[in-house]
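Here is a short report on one predicted model. Please look over the sequence and the structure first.

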Amino acid sequence: MFTTFLKILAFVVVVTGLTWGAVQLLDMRGGANISVAGYEITLNALQLVFAFAALVVAVWLVLKLLKLLVAVFKFLNGDETAISRHFDRNRERKGYEALSEGLFALASGEGHLAMTKAKRADKYLDRPELTTLMMAQAAEITGDTRTAEASYRKLLEKDETRFVGVRGLMNQKLVEGDTDTALSLARKAFEIKPKHEEIQNTLLKLQAEKADWTGARETLGAKLKSGSLPRDVHKRRDAVLALSEAKDILDEGKSMEAREAAIQANKLSPDLIPATVMAARAMIANNNERHAARILAKTWGVNPHPDIAATFAEIVPQEQPEARLKRFRALTKQNPDHPETRMLLAELNIAAEHFPDAKRALGRLVTEDPTSRSLTLMAAIERGEGADDAVVRGWLTRALTAPRGPQWICDNCQHIHATWTPVCNNCAAFDTLEWKRPPTGEVAMPAGTEMLPLIVGHPPATVTTPEMEVVDATLAEDDPADAK
């Protein structure tokens with residue numbers, strides 16, 4: 001309210017001042033006589049003031065008109081002028097409007113609209129890196145792979161957009177299933193931006209799929225240096241890669257290099273069961289049984305596994321059951337309540353024909369945590385103690401429908417593997433296999449959990465074990481003709 005009052009007061013003061021000035025000019029005597037081309041004009045003081053103001057305005061208009069004419073001439077001549085800048089700003093405004101509308105269309109999944117806006121933006125803007133990128137992404141949404149590829153290839157022409165182009169082409173090849181080309185593009189993108197986490201992960205995955213273990217270890221090292229991978233995870237995965245590299249070297253017949261690589265893998269991750277097994281076998285082949293037994297016992301103390309026990313048996317292949325039972329105390333005294341330790345001790349006692357000790361070793365395992373292996377062991381124990389065939393057959397029947405126990409399972413897709421591999425056979429994920437119990441109903445059986453693999457130091461397929469005798473005897477009773 002007060003501001004409005006001040007405005008009104010100022011307006012009244014100005015009008016009053018102008019009126020007073022005009023009255024003073026009218027009362028003033030004298031004036032001016034102007035003669036032009038025989039015409040004479042007489043102006044009083046007030047008219048003279050107005051004439052002067054009109055002259056100033058006229059001169060200003062003439063100067064502006066001259067500037068306009070000069071600008072039009074320069075515009076026609078191709079020079080930058082206010083007129084050209086006006087048209088440029090107008091085009092730029094239309095271009096950025098189309099660009100923003102296209103970005104919103106991309107965000108909302110309207111690919112065709114985004115492509116239309118990208119073309120319009122390209123018409124008005126001199127920013128091909130922006131419009132080409134939007135065209136490529138819009139083409140991907142609509143499924144127009146040819147346009148998307150052509151757009152990404154255009155981005156390869158400039159250094160500042162080359163990475164985006166390579167990454168876009170790489171993702172296209174991954175979708176198409178062309179992993180060879182995708183691997184080459186991933187390497188190129190890694191050269192441009194070695195710290196880019198997505199490229200690191202993609203390159204590592206592709207290298208693992210292609211068994212490029214040396215390259216994968218380099219990529220893993222780059223992930224560690226860039227801070228995108230914790231040191232403990234790096235150590236574990238580097239061990240997996242070293243183990244895979246050792247297996248390839250072994251396949252090529254370079255046994256010495258394979259031994260060194262396997263031992264290195266075990267040093268990187270002592271709890272990695274396949275690395276421990278391979279390193280131990282390398283030491284056994286090098287007549288270093290004491291170190292082999294040491295690393296196997298150390299890993300058993302962390303994570304008991306049938307493959308560790310089987311390798312421990314290979315240290316002395318032609319060993320008497322009593323001697324083996326005594327030597328295996330290096331394993332069985334560790335984690336005594338672990339199911340794997342209980343079943344191992346039961347197997348060793350069965351081989352030594354200590355059936356009561358075998359039954360005590362199993363304990364409540366067959367009732368609290370029954371598996372096919374533990375129930376079959378119980379059938380062998382009952383047979384060894386002279387139980388009725390009906391009792392033995394009952395345990396075997398339960399074993400047929402019981403859970404298989406822990407197996408190598410992919411944490412990513414839950415696929416079950418018979419043996420450990422660095423890359424999942426189903427989803428191609430790297431280092432995702434874990435020794436754990438499968439979902440209910442799965443029946444895949446890993447090679448390391450055949451019944452009674454440790455009674456003698458030979459592959460189970462070529463050995464007659466008490467369990468196999470139980471099965472043979474049962475089959476013979478059911479079908480005497482086959483038994484003959």
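## Helix pair H8 and H9

Which residues in H8 meet which residues in H9? From H8 come Thr179, Ala182, Leu183, Ala186, Arg187, Ala189 and Phe190. From H9 come Ile199, Gln200, Leu203, Leu206, Gln207 and Glu209. Contact means heavy atoms within 4.5 Å. The residues of this contact divide into eight nonpolar, three polar and two charged.

H8 covers residues 179-192 and H9 residues 197-209. The two pack at about 140 degrees, with axes 9 Å apart. That angle makes H8 oblique to H9 (under 35 degrees is roughly parallel, over 145 roughly antiparallel, 65 to 115 roughly perpendicular, the rest oblique). H8 passes H9 in a left-handed crossing (the near helix is turned anticlockwise from the far one by less than a right angle).

## Aromatic pairs

The structure holds two aromatic pairs (ring centres within 6.5 Å). In one of them, the rings of phenylalanine 312 and phenylalanine 328 have centres 4.9 Å apart. Their planes stand at 75 degrees, so this pair is edge-to-face (over 60 degrees; under 30 is stacked, the rest tilted).

Phenylalanine 312 lies in helix H15 (residues 306-314). Phenylalanine 328 lies in the loop between H16 (321-327) and H17 (329-332), so the pair ties together parts 16 residues apart in sequence.

## Confidence

The chain averages a pLDDT of 81 (the predictor's confidence in each residue, from 0 to 100). A score of at least 70 is reached by 80% of the residues. Over residues 443-484, pLDDT stays under 50. For that stretch, the model has 73 contacts beyond four places in sequence.

## Basis

Residues are numbered from 1 along each chain as its sequence is written, and side-chain values use heavy atoms, without hydrogens or water. In this predicted model, local features need pLDDT of at least 70 and side-chain atom pairs count only at pLDDT 80 or more, while totals for chains, interfaces and linings use all residues.

Definitions and conventions
Axes are lines fitted to C-alpha atoms, for helices over the stretch in contact, and angles run from 0 to 180 degrees between N-to-C directions. Helices (H or I, at least four residues) and strands (E, at least two) are DSSP runs, numbered from the N terminus. Ala, Val, Leu, Ile, Met, Phe, Trp, Tyr, Cys and Pro count as nonpolar, Asp, Glu, Lys and Arg as charged, and the others, Gly among them, as polar. Rings of Phe, Tyr and Trp (its six-membered ring) pair if their centres lie within 6.5 Å; planes under 30 degrees apart count as stacked, over 60 as edge-to-face and the rest as tilted.
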